There are 2 protein chains.
Amino acid sequence: MAEILLPFLCILSIIWSYCCVLSYIVEPGPRFPPTKGKVWPEPQIEVKTQNFFTLCPVTLNIEVKEKNCDILERAVDRYKNILNDFHGISRKNREVTKWRSRQNHKTSRGVTYRGIIHELQVFLSEPCEEYPHFDMKEFYTLSVDTISVLKSESVWGILRGLETFSQLFYLSNDYNEIRINATSIHDYPQYQHRGLLLDTGRHYVSLNKILTTIDALSMNKMNVFHWHIVDDESFPYQSDKFPTLSAMGAFHPSMVYTKDDIKKVVEYARDRGVRVIPEIDVPAHTRSWGVAYPHALTKCYKNNRISGLGPLNPINNVAYKVLRQLYEEAQEWFPDKYFHVGGDEVDLSCWSSNPEVYQYMKDHNLNTNKLHALFMKNVIAFLKNGTVPAVWQEVYDEGVGLSKETLIQVWKYHWIEEMIKILNDGHLVVFSSSWYLDYLKFDWDSFYLDDPRRMVYGKVDNHLLGNIAGGEACMWGEKVDDVNVISRTWPRTSAVAERLWSGIDYTKEPPPVSREVRGRMEEHTCRMRQRGIGAQPPSGPGFCLVFS
Amino acid sequence: MAEILLPFLCILSIIWSYCCVLSYIVEPGPRFPPTKGKVWPEPQIEVKTQNFFTLCPVTLNIEVKEKNCDILERAVDRYKNILNDFHGISRKNREVTKWRSRQNHKTSRGVTYRGIIHELQVFLSEPCEEYPHFDMKEFYTLSVDTISVLKSESVWGILRGLETFSQLFYLSNDYNEIRINATSIHDYPQYQHRGLLLDTGRHYVSLNKILTTIDALSMNKMNVFHWHIVDDESFPYQSDKFPTLSAMGAFHPSMVYTKDDIKKVVEYARDRGVRVIPEIDVPAHTRSWGVAYPHALTKCYKNNRISGLGPLNPINNVAYKVLRQLYEEAQEWFPDKYFHVGGDEVDLSCWSSNPEVYQYMKDHNLNTNKLHALFMKNVIAFLKNGTVPAVWQEVYDEGVGLSKETLIQVWKYHWIEEMIKILNDGHLVVFSSSWYLDYLKFDWDSFYLDDPRRMVYGKVDNHLLGNIAGGEACMWGEKVDDVNVISRTWPRTSAVAERLWSGIDYTKEPPPVSREVRGRMEEHTCRMRQRGIGAQPPSGPGFCLVFS
């Protein structure tokens, strides 16, 4: 018997080794081959079949059933264009490769071609809300078939579902057509606050790149654009009430954000289910205010001499007057319920060095921390009724009385202890500490492993975990401007996006980043590139088909 | 007396502190204010006066005296355009700021306005050479006055001088005009080989970005573009003799470099005094060859089974045949005397695992290192008469007999010991070890402190220091492609450029990076931006005026 089998086994072995060799080299290419039509961030429940359809953008109908509104209409148009552009890549590929034969849809190994996808029916069951907000619902279901169906009770859920629908399409292996598999999805986010901070004070970022950033947020199902708009180095916010602030404090007259620009950003974000939370950081990070309003800043003293200007002056009327009206105006321009008042990194020694401030503290029995707390209390009182503050953790640490709705942004070391304290105190946390994009040594795969609820799991009562509202990646502006802000932010922020949307089993150690995740990240990065978002290569050698 | 002085001193003190405060805040802006019209890399000898001229690009005449040639004619046109574009920024600024009054050229504190600059006279004393080369002369002198004079005996020196001339122009403080100071310069490079390696095998880089890279090289007075054109992951070099190599081994049919593309790169570089040294790395880093020519690669064995394909097969005729003809062709397409044959990181264990290769080694009394040496010797013999190899250090380490002209590129750890060995052996060194741009933790200021001659100063005979021909920054392609290759390469490579052109006193510890250098780096980075090279912000908050 062995003798009979031997030649057969030999042949098998030769075939095997030959195939093996070839498969080793047939794709010398990408370090992590991209997936095909897999969604980022990963949906909660997804059942995918091997049956597939092809895309013909001209005949694909996206039909809105039940409720409709301007946001939804524009979204439908947008996704039609996105699919049309995607299809353009396959068309262009056919030109470049001078491809002639008709597509051959072999049905093999359980893979069945089901024809051209006809329609997506969109069922929105509740009327649209005007603006996205903290408590917005983003749940949706999607089933992809000849007639596909997307359902949600909120327009924000529909937006998320449309994004998912668009991501399920993929290029065939020969790049000559666009396909989509019959799939059924049931999806919702694990955290309600999923954001990105962009600092436009340290380098100016053009309106164009801000809009691209918002495109990227919506592609990653993130819903907060935290706009750290001004800082020590420049004041690009062009106030109607205090135009000299930017006229004198911006880097250049061309490097400002006008009321119209802000409106454009807010509307653009609204259309994509993204909230815009402005931050006008006080009392520190305000040096640029001082060009127009030097008296709003504290004179710092050294050896009885003025050595420079420090934080806003906590006992000066100019500071309060400018601040009150500026906040009033900004709250008109930014409709979100939340308004970030900053409160981080105050040079308290400047305050105590100033004779007048020192005298004030003495008279009112305050130390510098209490003075900071008092200042922040005053500032928060400037917010109009219904506006809720977001603050950096220092404001909480210094014991300012904060409402339970206040968002406390944790950004410093020892974040676990800090979160435990805040949660036990019944407050809401937005986590950022380990998601600082300006640290280049952290790439997306290290961001990917962090989950704020897992960090404190077992260390606080389980019911408090829900008070971690979410997190934000932070793109501080020291070394980024128009040239590299998009490539440095994306796809690194996508890792944070998946963590916050998809979540993990936070009762366990997270597994290492898998090949599946890396492959999906490759596809997602390329997808961003194909939609004009210049995301950088995520993990190693590879390529992305974009015809410019 | 004291009583009389006291009020006076008080007033002085008040004025001082007020001024001081204002100067602290008047420019809240850049962390390191850019310099004005300072040159990068720094000229060897430069005497600058406070007398300045303004630029009117329409009337500025660049007049070639003595010798002329096509390279010089095109260079003159190019720099006229560069100055015209630069002037356009001041024009645009006047529009944006709605600036109305005439420029007021106050003469103060030794600063004298000398009117519009009339002419640059270019004196080239020797006929042009056809291509830049290893021994090319780059010395030039430049004096800037109403009639400015640029002199060199070589067209390459003239190119460097034109670049310097263009960099001496700067925007006035109000950005409304372009100025240049009366200056006299005497300049030449410290190292003759000043290069950048770009890897186009791990990600495809478009022709357009390669040309931008060459623009940047010439702005930084670098003279070598080391084109690591193919690697394991892809084979974008489109050979006429072996078209299947790229047809099957490139990432995509659109991601190749044709003969015409290569010609364009070589001509573009030639016009800018930049040599193009191609690298077709063997025997490792060749996996992509295996799609078309699997038999050219060595079958690696594990447990008596083929486990994959390894380096080129050192005892196989297919490998040698392809290699010989490929090198022959590439030497036609790349006119430089040097040709990089690679020779790094060979998986020697694959060779010894292969029964046939093993037998060959046994028969010829070779170990794997000697086999590698033999292979490289055979490969170098394929170079035509007059072509000189450049190699990675392993080739030297393994004792291949190399001519004294061979460039040995040092890239591994323990580089000091390696350089000492090579120098004492009478060979030429190109240094790269600490200039790997793919390590993001190293920013330009760490690159800036390294000087290869300083590293071995006192450890070899002084006359051998000249055998360190220069160095190359290496932009390996794992995580860069069109989206970020320019911003990640520049201005980080500019640090290497200054080190290699300007040199340092290598008998001493280098001083820390000064504010002057940082300011000059800011100006230079902005200058690159203004010429369409998307260099990233170098050191911190700031801005660069570019109107798109």
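Select Ser246(B) to begin: this residue is buried, with a relative accessible area of 2%. The model is a predicted one. Ser246(B) sits in helix α5 of chain B, which covers residues 243–249. To see what surrounds Ser246(B), show Phe235(B), Pro236(B), Tyr237(B), Gln238(B), Ser239(B) and Val256(B); these are its contacts once neighbours within four places in sequence are set aside.

Stay in chain B and select Lys221(B). Its place is the loop between α4 (207–219) and β10 (224–228). Is Lys221(B) buried or exposed? Its relative accessible area is 0%, so Lys221(B) counts as buried. Check the backbone here too: phi of Lys221(B) is near 55°, a positive value in a residue that is not glycine.

Next come two cis peptide bonds in chain B. Select Val282(B) and Pro283(B), which are joined by a cis peptide bond with omega about -5°. Pro283(B) belongs to the loop that runs between β11 (275–282) and β12 (297–302). Then go to Trp490(B) and Pro491(B), where the peptide bond is again cis, with omega about 5°. Pro491(B) is in the loop between α15 (485–489) and α16 (492–502) of chain B.

Now move to chain A and select His414(A). This residue is in the loop between β16 (407–410) and α12 (415–424). The relative accessible area of His414(A) is 62%, so it counts as exposed.

For a surface feature, select Tyr413(A), Tyr439(A) and Phe442(A). Together they form a nonpolar patch on the surface, with an accessible area of about 350 Å². One of them, Tyr439(A), lies in the loop between β17 (428–431) and α13 (444–448) of chain A. Tyr439(A) is partly exposed, because its relative accessibility is 39% and that class lies between the cut-offs of 20% and 50%.

The last stop is a pair of helices in chain A. Select α2 (residues 70–96) and α3 (residues 155–168), whose axes come within 11 Å and cross at roughly 5°. How are α2(A) and α3(A) oriented to each other, roughly parallel or roughly antiparallel? They are roughly parallel, because angles under 35 degrees are classed that way. Show the side chains to see the contact: on α2(A) it involves residues including Ile71(A), Leu72(A), Ala75(A) and Tyr79(A), and on α3(A) residues including Val155(A), Trp156(A), Leu159(A) and Phe165(A).

Terms used
Residues numbered from 1 in each chain as written. Chains lettered and ligands numbered in written order. Predicted model: local features only at pLDDT ≥ 70, side-chain atom pairs only at ≥ 80, totals over all residues. Heavy atoms only, no water. Patch = residues over 30% accessible without salt bridge, like charges linked within 9 Å, V, L, I, M, F, W, Y side chains within 5 Å. Areas by Shrake-Rupley, 256 points an atom, 1.4 Å probe, with all protein chains shown as cover. Salt bridge = Lys/Arg side-chain N within 4 Å of Asp/Glu carboxyl O. Helix = DSSP H or I, 4+ residues; strand = E, 2+ residues; numbered from the N terminus. Buried < 20%, exposed > 50% of the residue type's maximum accessible area, 1.4 Å probe, protein only. Axes fitted to C-alpha atoms, helices over the stretch in contact; angles between N-to-C directions. Parallel < 35°, antiparallel > 145°, perpendicular 65-115°, else oblique. Contact = heavy atoms within 4.5 Å.
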